[in-house]
Amino acid sequence: MPEQGERFDATTVGSPRRAADDVTGNPQATTNPGDDDMTADTRVDDTPASDVEDFAQEIADQVESFLIALREIARAEKQATAVPMLLLEVSQLMLAGGRLGAITDVVPVERFEPDAGPDPDLDELRERLGYLLVDIDHYTEIFDPYSQPPELLNGRLSDDLAGIAAALVHGLKHHRAGRIDEALWWWQFSYLSSWGAEAGAVLRSLHSVIAHARLDSVREDQAAADDATATDGLDKGAK
């Protein structure tokens, strides 16, 4: 996660294209750049201030909704309920991330990032999630599908979710203080450099857990039915 202080240039981690203090909405559709030009950029610096503020508020609503849901899910007692809810919430958060990644670099006027205050203590959240997800917490995935050779990454869902929350809270503090460009800059850069990849890894892991739970049971039932049919055929043949 990028540290507070002198800001980094988001172009160092990729040049995104542009479309439109505690751990605590439904997004509106962004303006379509044109049915005949789906690849056209929508630049924040060309967008009226009111539209930028509306966009930032929509992202803030999604961020806050995710943080509230994550806190409540961490208090759950049953993993069977928590996993599908986490899948839903992380999927919705990735929509906000996609919108941030689809706009050109947000560059605030100030060279240095204003102090947003102390970072929240998320150890309890991390521990609760680790306890809740104990038997699926550790996962392995390909870190960068385009690296040669591909690099395997070992991670923990509880660490990733807590790290995502920390990055989102930091930007939310800027937004609540009225620093709209700082909030958008932080959310965008941290999405590209850290929490976007973390959320993607979490999403793939949760999807795998649910897919195995649903599909493996179907295969087992089918295998059991096939075995029963074969056994019944043998019994009739013996008679």
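**View 1. Helices α1 and α4 pack with their axes within 10 Å, crossing at roughly 140°.** Axes here are lines fitted to C-alpha atoms, for helices over the stretch in contact, and angles run from 0 to 180 degrees between N-to-C directions. The angle makes α1 oblique to α4; under 35 degrees counts as roughly parallel, over 145 as roughly antiparallel, 65 to 115 as roughly perpendicular and the rest as oblique. α1 passes α4 in a left-handed crossing, a term used if the near helix is turned anticlockwise from the far one by less than a right angle, with right-handed used if clockwise. On the α1 side the contact involves Ala56, Gln57, Ala60, Val63, Glu64, Phe66, Leu67 and Leu70, and on the α4 side Leu161, Ile164, Ala165, Leu168, Val169, Leu172, His175 and Arg176. Contact means heavy atoms within 4.5 Å. The residues of this contact of α1 with α4 divide into twelve nonpolar, two polar and two charged. Ala, Val, Leu, Ile, Met, Phe, Trp, Tyr, Cys and Pro count as nonpolar, Asp, Glu, Lys and Arg as charged, and the others, Gly among them, as polar.

The model is predicted: local features need pLDDT of at least 70 and side-chain atom pairs count only at pLDDT 80 or more, while totals for chains, interfaces and linings use all residues. Residues are numbered from 1 along each chain as its sequence is written, and side-chain values use heavy atoms, with hydrogens and water left out.

**View 2. The protein chain has five helices and two strands.** Their order along the sequence is α-α-α-β-β-α-α. Helices (H or I, at least four residues) and strands (E, at least two) are DSSP runs, numbered from the N terminus. Of the 239 residues in the protein chain, 39% are buried. Buried means under 20% relative accessible area, exposed over 50%, and partly exposed in between (1.4 Å probe, protein chains only).

**View 3. Alanine 60 lies in helix α1.** Alanine 60 counts as buried because its relative accessibility is 2%. Leaving aside neighbours within four places in sequence, alanine 60 is in contact with Leu172, His175 and Trp187. The C-alpha atoms of alanine 60 and valine 169 are separated by 9.7 Å, although these residues are 109 residues apart along the chain.

**View 4. The largest nonpolar core has 48 residues, of which Phe66, Leu161, Leu168, Trp187 and Trp195 touch the most other members.** α1 (49–74), α2 (79–101), α3 (123–132), α4 (157–176) and α5 (180–238) each supply at least two residues of this core. The largest share, 13 residues, comes from α5. A nonpolar core is a set of buried Ala, Val, Leu, Ile, Met, Phe, Trp, Tyr and Cys residues joined through side-chain atoms within 4.5 Å. Beyond its neighbours within four places in sequence, tryptophan 187 is in contact with residues including Ala56, Val63, Leu100, Leu168 and Trp195.

**View 5. Helices α1 and α3 pack at an angle of about 55°, their axes 9 Å apart.** That makes α1 oblique to α3, and the crossing is left-handed. Leu70, Arg71, Ile73 and Ala74 of α1 meet Leu125, Arg128, Leu129 and Leu132 of α3. The residues of the contact of α1 with α3 divide into six nonpolar, no polar and two charged.

**View 6. Alanine 76 is found in the loop between α1 and α2.** With a relative accessible area of 28%, alanine 76 is partly exposed. Alanine 76 and leucine 129 are 9.1 Å apart in space, C-alpha to C-alpha, and 53 residues apart in sequence.
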